[in-house]
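Biologist: Could you walk me through how some helices pack here? I'd like the geometry and the residues involved.

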Amino acid sequence: MHRNDWNNATKLLAEAKEYSPYDVQARIHYAETLWKTDKREEAIRELEEALQLANDDPAIHTRLGRMYLDSGDPTQAHLAANRAIECDPKYAQAWKLQGDLALLRNDLASAKLSYIRAANNGEIMDREVQLRLASTYRRLGQPSQSLACISQVHQADFGQRLPADVGIEQALAYRDLGRNLEAADCLSELAESNELSEELLFAWAECEVAAGRLARAEFAANSVLHVNPQHGPALQLVGRLPAYRQQAQEAWRR
C-alpha cells in the first residue's frame, strides 16, 4: 500500500473510532495505520487504550509488545509478552516474541525453549520461527537440530530457489558438522546471486580449504579481499596456499 493510501486509511479509521469508541477492532486497525505512517507513539497509545477494552486478548498484548520492542523498549515488550502468555499459554506469536527478546539478551537456552513452544503451538509452520530456532541451535553447538529445522523450511519452499537466509543457516550448520564440501557448495551457490558479507566469504574459503579444493579456496579468499583488502585472515590464507598445494602434491605422489 502506498503512503497516501495509508494516510487515507488512517483518516477513515480515526473517524470510525470516534463514531464507535468501544469497537476494539477499529482501534486495532487504527493503531496499525498509525504505525505504518511512522506515528509510533500514537500507535502504541492506541493499542494501550484498546487493551482497556479487551485486556484478555493475547493478540493485542503481543502486537503491543512487538511495537515496544521495535521502538527500543524491551522491558515493556517482555511484560506484554508475559501478559499475552498468561491470557493464552498456547499463543504462538507470544512465544515467538519471547524468543526474540531472549536472543536480544543473548539467552540462547531461553530463546530455544520459546521458539520450540512457538513452533509447537502454531497452526501452520512459521518460517521465521524455524530459521531463528535453527540459528539458535547452531549457536548452542547443536548443528544437527539446526539442519532439522532448516529441512522443514525446505519442505515448505519445495521447488523454489534456495533463499539466502535459509542457505546461509544450512551452510553454517554443514560447516559445524564438518561437512565442509556441502558447506562450500552451498556458500558458492549463494555467492553467485547474493552479496555475502566478508565473514561468510571467508567461511566459504575455509570450507574450500578443508574440502581440499584449493583453487576454489583461492577464489573465495580473493572475493574476501575484494570486499576488504586488509582482511587479515584472508591474507594469511592466501599466503598459506602454496604450502597447502605442496602438501597436496606430496600426498598424491605417495
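Modeller: Happy to! A crossing is called left-handed if the near helix is turned anticlockwise from the far one by less than a right angle, and right-handed if clockwise. This is a predicted model, where local features need pLDDT of at least 70, side-chain atom pairs count only at pLDDT 80 or more, and totals for chains, interfaces and linings use all residues. Residues are numbered from 1 along each chain as its sequence is written, and side-chain values use heavy atoms, with hydrogens and water left out.

Biologist: Which handedness does the crossing of H5 and H6 have?

Modeller: Helices (H or I, at least four residues) are DSSP runs, numbered from the N terminus. H5 covers residues 74-87 and H6 residues 92-104, with axes (lines fitted to C-alpha atoms over the stretch in contact) that come within 9 Å and cross at roughly 150° on a scale from 0 to 180 degrees between N-to-C directions. Because angles over 145 degrees count as roughly antiparallel, H5 is roughly antiparallel to H6. As H5 passes H6, the crossing is left-handed.

Biologist: At what angle do H12 and H13 pack?

Modeller: H12 spans residues 198-210 and H13 residues 214-227. Their axes lie 8 Å apart, and the angle is about 165°.

Key:
Helix = DSSP H or I, 4+ residues; strand = E, 2+ residues; numbered from the N terminus. Parallel < 35°, antiparallel > 145°, perpendicular 65-115°, else oblique.
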